[in-house]
Every structure is written in C-alpha cells, then in structure tokens.
Amino acid sequence: MLKIYICEDIEAERDKIQKVVENIVLMEELDMELYCVSEDPYKILEKVKETEEVGIYFLDIALGTDMTGLILAQEIRRYDPRGFIIFVTTHSEMSYMTFIYKLEALDFILKDAPEELGKRVYDCILKANQRFASVNNKVHANFSVKVNEKVFTVDYDDILFFETSPNVHKIILHCKNRQMEFLGKIKEIEKEVDKRFYRCHRSFLVNKDNIREIDFQNRVIYMVNGDECLLSSRMMKGLK
C-alpha cells in the first residue's frame, strides 16, 4: 500500500489538495491511504519515520517555518528513498532547486494554474501507482561491469543510461550518483539488458524507469537526477 502525505501551510490550499486526492483514490479504487495531512513539516517527518512503507508526498516549498519543502523532501529521502515527491507551489522559480538538491521529484505543480491542478495530481498518483507496482513485480536485475580489473555490480534501478565514450571502444555508464567507463559496445549491451532500456540515440541507451521528462522539440531526455541524454528524431516515436 502507498501512503499519501500532504504538507501545505495554507488551510484552503491544503483542503483543496486533500479533496482532490481523496476523490482520485476513491474513483480509481487504488490501494492507497491518506496517511498524514498537515501544515507542520515536522509532523509529516515524524509520520514518515513511523512506517517503512513507500509514500506519495505533496509538498509546498514555503511552509512558514524554518523547514522548507525542499529541506523536508531531503529528510524524507533519508527514510523513504523510493517515495514519490511532488511539489505544489506558487514558486515556479524554485523548480531548478529540485535538481540542485537531487530530490528526484515526480512533478512540480504550480498553484497559479488551478484548472490544471486536478489533472496533474491525478496523473502523478496514477504514475506513482504504476511505477510502484512495476518495481514490486519485476525480477531484481543488475549489470556487471569491469573497470581497471575490478568487477562492479550495479542495480538496473540505479542506472540512468549508457553513453558511447569519446574514447574508442568504451562506454560510459551513468548512474544516479556516479559514472564508470568500461570497454564495450552499445549494441551488445542493448542485447543484454531487459525491456526497461531503450535505444533512444545511436550513442545512448536509456533506462525508461528513470526518465523524469522528455523535451521532444529539442530532443533532450531529462533523468530523475537532472542528468540529460539525447534523443534522435528517428527513435522519438518508439519512446513516445
């Protein structure tokens, strides 16, 4: 079961989000529980510490206390690294901070577009539910790579993408928190990994599960940690 948290210091906004969430969970008959709704980030954090279950977090950024939504999200990540964080705020200029803090936010919803709020919350809840089910049902898999006579084993969940290196016959493995270069060919790796990986460009093999956003106009894929990889026009249709 996914537990849902809402942290918003303005009562009217908090009630609005809560009502939208409750309607979606009821309408879609989702295995979710509205676990904690509060204006107090410290209360939210205490509830997170009480359970080991994965959560969905709707957080404002300015919370009227010494703990901002960004700091709260950082603390949540310590106890729930698999949780789904969504920022609902009026501070559009703060969106870039989610990359600086490496929060892997699922979405950034602006309050000044109320007509979109319900749809965006709906999309986030369904996406979180789909990803949670996918992770729980998939076979645990990893990729082994040899670097300087040492063999490293990397979970597929930690891999962002493989990239052809400027160094001949070498591949750069981009993970959430590190990079490794090793001897290999994209074509051979593509045959080895499972269907969550997609050849989005002749030089890139991307993990679809770790994509945050795709800019189809400029053909750039943004990963959950803010890293970027390229998307060719020929491979665009398949990724859509």
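Domain bounds are taken from an automatic or database domain assignment. For this protein, the assignment gives domain 1 (2-137) and domain 2 (142-230). The structure is a predicted model, in which local features need pLDDT of at least 70 and side-chain atom pairs count only at pLDDT 80 or more, while totals for chains, interfaces and linings use all residues. Residues are numbered from 1 along each chain as its sequence is written, and side-chain values use heavy atoms, with hydrogens and water left out.

The centres of domain 1 and domain 2, taken over C-alpha atoms, are separated by 29 Å. Contact (heavy atoms within 4.5 Å) involves 5 residues of domain 1 and 7 residues of domain 2. Between them the two domains bury about 680 Å², 47% of it on carbon and sulfur atoms; buried area is the accessible area (1.4 Å probe) that two parts lose on being put together, summed over both. Across this interface, 1 residue pair is in polar contact, both residues being at pLDDT 80 or more. A polar contact is a pair of N or O atoms within 3.5 Å; within protein, one must be able to donate a hydrogen and the other to accept it, and residues adjacent in sequence count only if both atoms are side-chain atoms.

An open sheet of 3 strands has the order E13-E14-E15, with antiparallel pairing. Strands are DSSP runs (E, at least two residues), numbered from the N terminus, and two of them pair if DSSP finds at least two bridges between them. Strand E13 (211-215) and strand E15 (228-230) form the edges, each pairing on one side only. Strand E14 (residues 220-223) is joined to E15 by 3 bridges, and Ile221 stands opposite Cys229 in E15.

Technical notes:
Helix = DSSP H or I, 4+ residues; strand = E, 2+ residues; numbered from the N terminus.
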